[in-house]
Amino acid sequence: MLRTLLRALRPARLRIPARRFTAGIAALPPTAREAFGTDATAPEAIAYNRSRVATATAVALYRSGHLLPMPDDHLDDAVRALDFPYSAPSPETRAAIRAALAVLEADYTVTVAH
């Protein structure tokens, strides 16, 4: 009984399997059109698609041991290396990647399992 209670009180740990940072490892969620249909406005679709690319890129960078600070050209290379269709690195995408990577780095419950 005590073990069950202690297990319930222990903080959850998210384990992300470690993989080499190579093209195509980060799977993207559906596009805005697939997720929202035709109900999304243009700004919503842009924000959604930018966020999905940025989050997948940040996870791939985190998995491969890359941490902040990172220069713009490294972030651009990461987006291009993952070969996301129609993805062109922009200042907004780089900012979103940095924000997602900062969250991953700051959350002690996120670990990379080897």
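The model is predicted: local features need pLDDT of at least 70, side-chain atom pairs count only at pLDDT 80 or more, and totals for chains, interfaces and linings use all residues. Residues are numbered from 1 along each chain as its sequence is written, and side-chain values use heavy atoms, without hydrogens and water.

**Helix α5**

Helices are DSSP runs of H or I with at least four residues, and strands are E runs of at least two, numbered from the N terminus. Helix α5 spans residues 91-106. Its buried residues (under 20% relative accessible area; exposed is over 50%, partly exposed in between; 1.4 Å probe, protein chains only) are Thr-93, Arg-94, Ile-97, Ala-100, Leu-101 and Leu-104. They fall within an arc of 130 degrees seen down the axis of α5, so they line one face. That arc is taken from the directions from the helix axis to the C-beta atoms. On the other side, Pro-91, Val-103 and Ala-106 are exposed.

**Salt bridges**

A salt bridge puts a side-chain nitrogen of Lys or Arg within 4 Å of a carboxyl oxygen of Asp or Glu. The count is four. Among them are these:

| Pair | N to O distance |
|---|---|
| Arg-98 and Asp-72 | 2.7 Å |
| Arg-94 and Asp-76 | 2.9 Å |
| Asp-77 and Arg-80 | 3.8 Å |

Arg-98 in α5 and Asp-72 in α4 are 26 residues apart. Arg-94 and Asp-76 are both buried. Asp-72, Asp-76, Arg-94 and Arg-98 form a network of salt bridges. Asp-77 and Arg-80 both lie in α4, three residues apart.

**Cis bond**

The peptide bond from Leu-68 to Pro-69 is cis, with omega near 0 degrees. Pro-69 sits in the loop between α3 and α4.

Note on methods
Expected span 1.5 Å × (residues − 1).
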